[in-house]
Amino acid sequence: MALASFTARFKQFVTPDALRSYLAEFISTFFYVFVVVGSAMASRKLMSDLATDPSSLVLVAIANTFALSSSVYIASNVSGGHVNPAVTFGLAVGGHISVSTALFYWVSQMLASVMACLLLKVATVSQDVPIYTIASEMTGFGASMVEGVLTFGLVYAVYAGGDTRSGPLRSIGPLVIGLMAGSMVLAAGPFSGGSMNPALAFGSAVVAGRFKNHAVYWVGPLIGAAVAGLLYDNVVFPGHVSGRVNSDGTTGV
(Lines give C-alpha, C1' and ligand atoms only; values in the text may rest on other atoms or scores of the structure.)
Protein backbone atom coordinates (compact mmCIF):
# COMPACT_ATOMS: atom_id res chain seq x y z
CA MET A 1 0.00 0.00 0.00
CA ALA A 2 2.78 2.42 0.96
CA LEU A 3 4.73 1.60 -2.19
CA ALA A 4 1.67 2.11 -4.37
CA SER A 5 0.98 5.45 -2.70
CA PHE A 6 4.58 6.54 -3.20
CA THR A 7 4.50 5.49 -6.85
CA ALA A 8 1.29 7.39 -7.47
CA ARG A 9 2.65 10.53 -5.83
CA PHE A 10 5.94 10.26 -7.71
CA LYS A 11 4.11 10.03 -11.04
CA GLN A 12 2.52 13.41 -10.29
CA PHE A 13 5.96 14.97 -10.44
CA VAL A 14 7.15 13.34 -13.67
CA THR A 15 4.22 14.28 -15.88
CA PRO A 16 5.00 16.05 -19.17
CA ASP A 17 3.94 19.41 -17.69
CA ALA A 18 6.10 18.88 -14.60
CA LEU A 19 9.12 17.88 -16.67
CA ARG A 20 8.68 20.96 -18.84
CA SER A 21 8.66 23.14 -15.74
CA TYR A 22 11.90 21.54 -14.48
CA LEU A 23 13.50 22.07 -17.89
CA ALA A 24 12.31 25.69 -17.94
CA GLU A 25 13.93 26.26 -14.55
CA PHE A 26 17.14 24.65 -15.78
CA ILE A 27 17.32 26.80 -18.92
CA SER A 28 16.44 30.09 -17.23
CA THR A 29 18.81 29.48 -14.31
CA PHE A 30 21.60 28.40 -16.66
CA PHE A 31 21.51 31.63 -18.65
CA TYR A 32 21.11 33.77 -15.55
CA VAL A 33 24.19 32.25 -13.90
CA PHE A 34 26.12 32.30 -17.17
CA VAL A 35 25.54 36.05 -17.56
CA VAL A 36 26.16 37.02 -13.93
CA VAL A 37 29.31 34.95 -13.44
CA GLY A 38 30.45 35.73 -16.99
CA SER A 39 30.10 39.47 -16.38
CA ALA A 40 32.25 39.16 -13.25
CA MET A 41 34.89 37.30 -15.26
CA ALA A 42 34.71 39.89 -18.05
CA SER A 43 35.17 42.81 -15.65
CA ARG A 44 38.13 41.06 -14.07
CA LYS A 45 39.72 40.61 -17.49
CA LEU A 46 39.14 44.21 -18.59
CA MET A 47 39.99 45.99 -15.34
CA SER A 48 43.32 45.66 -13.59
CA ASP A 49 42.19 46.66 -10.10
CA LEU A 50 38.62 45.66 -9.33
CA ALA A 51 38.89 46.70 -5.68
CA THR A 52 39.25 50.39 -6.53
CA ASP A 53 37.22 50.53 -9.75
CA PRO A 54 33.49 50.97 -9.04
CA SER A 55 32.63 50.46 -12.70
CA SER A 56 33.08 46.70 -12.21
CA LEU A 57 30.30 46.73 -9.59
CA VAL A 58 28.04 48.69 -11.92
CA LEU A 59 28.75 46.25 -14.75
CA VAL A 60 27.79 43.23 -12.64
CA ALA A 61 24.67 44.98 -11.28
CA ILE A 62 23.45 45.85 -14.79
CA ALA A 63 24.13 42.31 -15.98
CA ASN A 64 22.22 40.97 -12.98
CA THR A 65 19.24 43.21 -13.75
CA PHE A 66 19.02 42.28 -17.42
CA ALA A 67 19.74 38.59 -16.88
CA LEU A 68 17.22 38.09 -14.08
CA SER A 69 14.45 40.05 -15.82
CA SER A 70 14.93 38.04 -19.00
CA SER A 71 15.28 34.69 -17.23
CA VAL A 72 12.12 35.21 -15.17
CA TYR A 73 10.22 36.28 -18.27
CA ILE A 74 11.18 33.31 -20.44
CA ALA A 75 10.20 30.77 -17.75
CA SER A 76 7.28 32.49 -16.04
CA ASN A 77 4.50 30.87 -18.06
CA VAL A 78 5.98 27.39 -17.72
CA SER A 79 7.54 27.06 -14.29
CA GLY A 80 6.81 30.37 -12.60
CA GLY A 81 10.30 31.66 -13.37
CA HIS A 82 11.86 31.12 -9.95
CA VAL A 83 15.51 30.97 -11.11
CA ASN A 84 16.51 30.86 -7.46
CA PRO A 85 16.22 28.22 -4.70
CA ALA A 86 15.46 31.00 -2.19
CA VAL A 87 12.47 32.13 -4.26
CA THR A 88 11.30 28.53 -4.52
CA PHE A 89 11.71 28.12 -0.75
CA GLY A 90 9.80 31.32 -0.03
CA LEU A 91 6.92 30.21 -2.24
CA ALA A 92 6.92 26.75 -0.65
CA VAL A 93 6.76 28.25 2.85
CA GLY A 94 3.86 30.41 1.70
CA GLY A 95 2.03 27.36 0.39
CA HIS A 96 2.16 28.38 -3.28
CA ILE A 97 4.16 25.36 -4.36
CA SER A 98 4.45 21.85 -2.92
CA VAL A 99 7.58 20.77 -1.07
CA SER A 100 8.16 17.93 -3.55
CA THR A 101 7.99 20.26 -6.54
CA ALA A 102 10.30 22.67 -4.73
CA LEU A 103 12.89 19.92 -4.32
CA PHE A 104 12.79 19.10 -8.04
CA TYR A 105 13.16 22.81 -8.79
CA TRP A 106 16.19 22.99 -6.50
CA VAL A 107 17.86 20.13 -8.33
CA SER A 108 17.23 21.79 -11.70
CA GLN A 109 18.49 25.17 -10.50
CA MET A 110 21.66 23.91 -8.86
CA LEU A 111 22.52 21.59 -11.73
CA ALA A 112 22.03 24.47 -14.17
CA SER A 113 24.31 26.70 -12.11
CA VAL A 114 27.09 24.11 -11.99
CA MET A 115 26.82 23.51 -15.74
CA ALA A 116 26.93 27.25 -16.52
CA CYS A 117 30.02 27.81 -14.36
CA LEU A 118 31.67 24.70 -15.78
CA LEU A 119 31.09 25.94 -19.31
CA LEU A 120 32.64 29.30 -18.43
CA LYS A 121 35.61 27.54 -16.85
CA VAL A 122 36.19 25.33 -19.91
CA ALA A 123 35.55 28.05 -22.49
CA THR A 124 37.79 30.71 -20.96
CA VAL A 125 40.60 28.23 -20.17
CA SER A 126 42.94 30.63 -18.39
CA GLN A 127 40.42 32.31 -16.08
CA ASP A 128 39.24 31.08 -12.70
CA VAL A 129 35.55 31.14 -11.92
CA PRO A 130 34.98 33.82 -9.24
CA ILE A 131 33.22 32.78 -6.06
CA TYR A 132 31.13 34.78 -3.62
CA THR A 133 33.13 35.91 -0.61
CA ILE A 134 32.49 38.22 2.31
CA ALA A 135 34.53 41.34 3.07
CA SER A 136 37.42 40.89 5.48
CA GLU A 137 35.85 43.27 8.01
CA MET A 138 32.59 41.29 8.11
CA THR A 139 31.67 38.19 10.10
CA GLY A 140 29.74 35.25 8.72
CA PHE A 141 26.77 36.24 10.87
CA GLY A 142 26.84 39.80 9.58
CA ALA A 143 27.12 38.65 5.97
CA SER A 144 24.20 36.25 6.50
CA MET A 145 22.10 39.12 7.81
CA VAL A 146 22.97 41.23 4.76
CA GLU A 147 22.14 38.41 2.36
CA GLY A 148 18.92 37.76 4.26
CA VAL A 149 17.81 41.38 3.94
CA LEU A 150 18.71 41.45 0.23
CA THR A 151 16.79 38.25 -0.43
CA PHE A 152 13.84 39.49 1.57
CA GLY A 153 13.59 42.45 -0.79
CA LEU A 154 13.94 40.25 -3.84
CA VAL A 155 11.32 37.70 -2.79
CA TYR A 156 8.95 40.44 -1.65
CA ALA A 157 9.27 41.88 -5.17
CA VAL A 158 8.52 38.42 -6.57
CA TYR A 159 5.30 38.23 -4.56
CA ALA A 160 4.29 41.77 -5.46
CA GLY A 161 5.19 41.27 -9.12
CA GLY A 162 2.94 38.22 -9.29
CA ASP A 163 0.00 39.78 -7.45
CA THR A 164 -3.11 39.39 -9.61
CA ARG A 165 -4.48 42.71 -8.33
CA SER A 166 -1.69 44.60 -10.07
CA GLY A 167 -3.71 44.50 -13.27
CA PRO A 168 -1.76 45.67 -16.34
CA LEU A 169 1.24 46.45 -14.14
CA ARG A 170 1.68 42.71 -13.57
CA SER A 171 3.19 42.47 -17.05
CA ILE A 172 6.26 44.37 -15.86
CA GLY A 173 6.76 42.00 -12.93
CA PRO A 174 9.96 40.44 -14.37
CA LEU A 175 11.46 43.90 -14.90
CA VAL A 176 10.65 44.96 -11.33
CA ILE A 177 12.28 41.78 -10.00
CA GLY A 178 15.39 42.39 -12.09
CA LEU A 179 15.64 46.02 -11.00
CA MET A 180 15.37 45.00 -7.36
CA ALA A 181 18.18 42.46 -7.80
CA GLY A 182 20.43 44.96 -9.57
CA SER A 183 19.92 47.62 -6.92
CA MET A 184 20.72 45.09 -4.19
CA VAL A 185 24.01 44.21 -5.91
CA LEU A 186 24.94 47.90 -5.99
CA ALA A 187 24.13 48.23 -2.29
CA ALA A 188 25.89 45.15 -0.93
CA GLY A 189 28.23 43.84 -3.61
CA PRO A 190 31.43 44.96 -1.86
CA PHE A 191 30.31 43.47 1.46
CA SER A 192 28.75 40.06 0.83
CA GLY A 193 28.76 39.88 -2.95
CA GLY A 194 25.01 40.41 -3.28
CA SER A 195 24.25 36.83 -4.32
CA MET A 196 20.66 36.47 -3.03
CA ASN A 197 20.69 33.13 -4.85
CA PRO A 198 22.03 29.91 -3.27
CA ALA A 199 22.30 28.23 -6.67
CA LEU A 200 24.44 31.06 -8.04
CA ALA A 201 26.87 30.79 -5.13
CA PHE A 202 26.77 26.98 -5.20
CA GLY A 203 27.67 26.59 -8.88
CA SER A 204 30.70 28.85 -8.74
CA ALA A 205 31.88 27.27 -5.47
CA VAL A 206 31.63 23.75 -6.90
CA VAL A 207 33.57 24.58 -10.06
CA ALA A 208 36.17 26.64 -8.17
CA GLY A 209 36.41 24.02 -5.42
CA ARG A 210 36.23 26.62 -2.63
CA PHE A 211 33.46 26.64 -0.02
CA LYS A 212 34.72 29.10 2.59
CA ASN A 213 31.76 30.85 4.26
CA HIS A 214 29.46 29.15 1.77
CA ALA A 215 26.75 28.68 4.41
CA VAL A 216 26.24 32.46 4.35
CA TYR A 217 24.68 32.17 0.91
CA TRP A 218 22.16 29.57 2.06
CA VAL A 219 21.19 30.51 5.60
CA GLY A 220 20.60 34.22 5.03
CA PRO A 221 18.69 33.95 1.72
CA LEU A 222 16.45 31.10 2.87
CA ILE A 223 15.46 32.88 6.07
CA GLY A 224 14.92 36.16 4.24
CA ALA A 225 12.81 34.47 1.57
CA ALA A 226 10.63 32.69 4.13
CA VAL A 227 10.00 35.89 6.10
CA ALA A 228 9.12 37.81 2.92
CA GLY A 229 6.61 35.21 1.80
CA LEU A 230 4.94 34.90 5.19
CA LEU A 231 4.82 38.67 5.69
CA TYR A 232 3.32 39.41 2.27
CA ASP A 233 0.61 36.75 2.51
CA ASN A 234 -0.26 37.00 6.20
CA VAL A 235 0.35 40.60 7.22
CA VAL A 236 0.43 42.94 4.23
CA PHE A 237 -2.27 41.12 2.25
CA PRO A 238 -3.82 38.55 4.61
CA GLY A 239 -6.09 36.01 2.98
CA HIS A 240 -4.96 36.96 -0.51
CA VAL A 241 -3.31 34.30 -2.66
CA SER A 242 -0.70 35.69 -5.02
CA GLY A 243 -1.00 34.62 -8.63
CA ARG A 244 2.63 33.63 -8.79
CA VAL A 245 2.29 29.84 -8.91
CA ASN A 246 -0.19 27.00 -8.53
CA SER A 247 0.48 24.01 -6.31
CA ASP A 248 2.24 22.32 -9.24
CA GLY A 249 4.44 25.35 -9.80
CA THR A 250 3.36 26.04 -13.36
CA THR A 251 1.99 29.58 -13.43
CA GLY A 252 4.13 32.67 -13.67
CA VAL A 253 4.43 36.35 -13.00
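**The largest nonpolar core**

A: In this predicted model, the largest nonpolar core has 54 residues, and the members that touch the most others are Tyr32, Val33, Val37, Leu68, Met196 and Leu200. At least two core residues come from each of these helices: α2 (16–46), α3 (55–75), α4 (85–93), α5 (99–124), α6 (140–161), α7 (173–192), α8 (198–208) and α9 (216–236).

Met196 shows what such a member touches. Leaving out residues up to four places away in sequence, Met196 touches Asn84, Ala86, Glu147, Leu150, Thr151, Leu154, Ala181, Met184, Val185 and Pro221.

Phe34 belongs to helix α2. Phe34 counts as partly exposed because its relative accessibility is 29%, and buried means under 20%. With residues up to four places away in sequence again left out, Phe34 touches Ala116, Leu119 and Leu120. Phe34 and Leu200 are 166 residues apart along the chain, yet their C-alpha atoms are separated by 9.4 Å.

The chain has 9 helices and 0 strands, in the order α-α-α-α-α-α-α-α-α. Of its 253 residues, 51% count as buried. Among contacts with a separation of 6 or more, 80% are between residues 24 or more positions apart. The accessible surface of the chain is about 11600 Å², and carbon and sulfur atoms account for 72% of that surface.

Residues 87–107 are 76% helix and 0% strand, with the end C-alpha atoms 14 Å apart. Residues 215–232 are 94% helix and 0% strand, and here the end C-alpha atoms are 26 Å apart.

The structure holds 2 cavities of 30 Å³ or more, and the largest cavity has a volume of about 40 Å³. The lining of the largest cavity consists of Ile131, Tyr132, Ala201, Ala205, Arg210, Phe211, Lys212, His214 and Tyr217.

Definitions and conventions
Residues numbered from 1 in each chain as written. Predicted model: local features only at pLDDT ≥ 70, side-chain atom pairs only at ≥ 80, totals over all residues. Heavy atoms only, no water. Core = buried A, V, L, I, M, F, W, Y, C linked by side-chain atoms within 4.5 Å. Buried < 20%, exposed > 50% of the residue type's maximum accessible area, 1.4 Å probe, protein only. Helix = DSSP H or I, 4+ residues; strand = E, 2+ residues; numbered from the N terminus. Contact = heavy atoms within 4.5 Å. Areas by Shrake-Rupley, 256 points an atom, 1.4 Å probe, with all protein chains shown as cover. 1 Å grid on protein atoms, 1.4 Å probe; cavity = no way out; pocket = protein on both sides within 12 Å on 5 of 7 lines; lining within 4 Å. Points joined across faces, edges and corners; volume = space filled by probe spheres on them.
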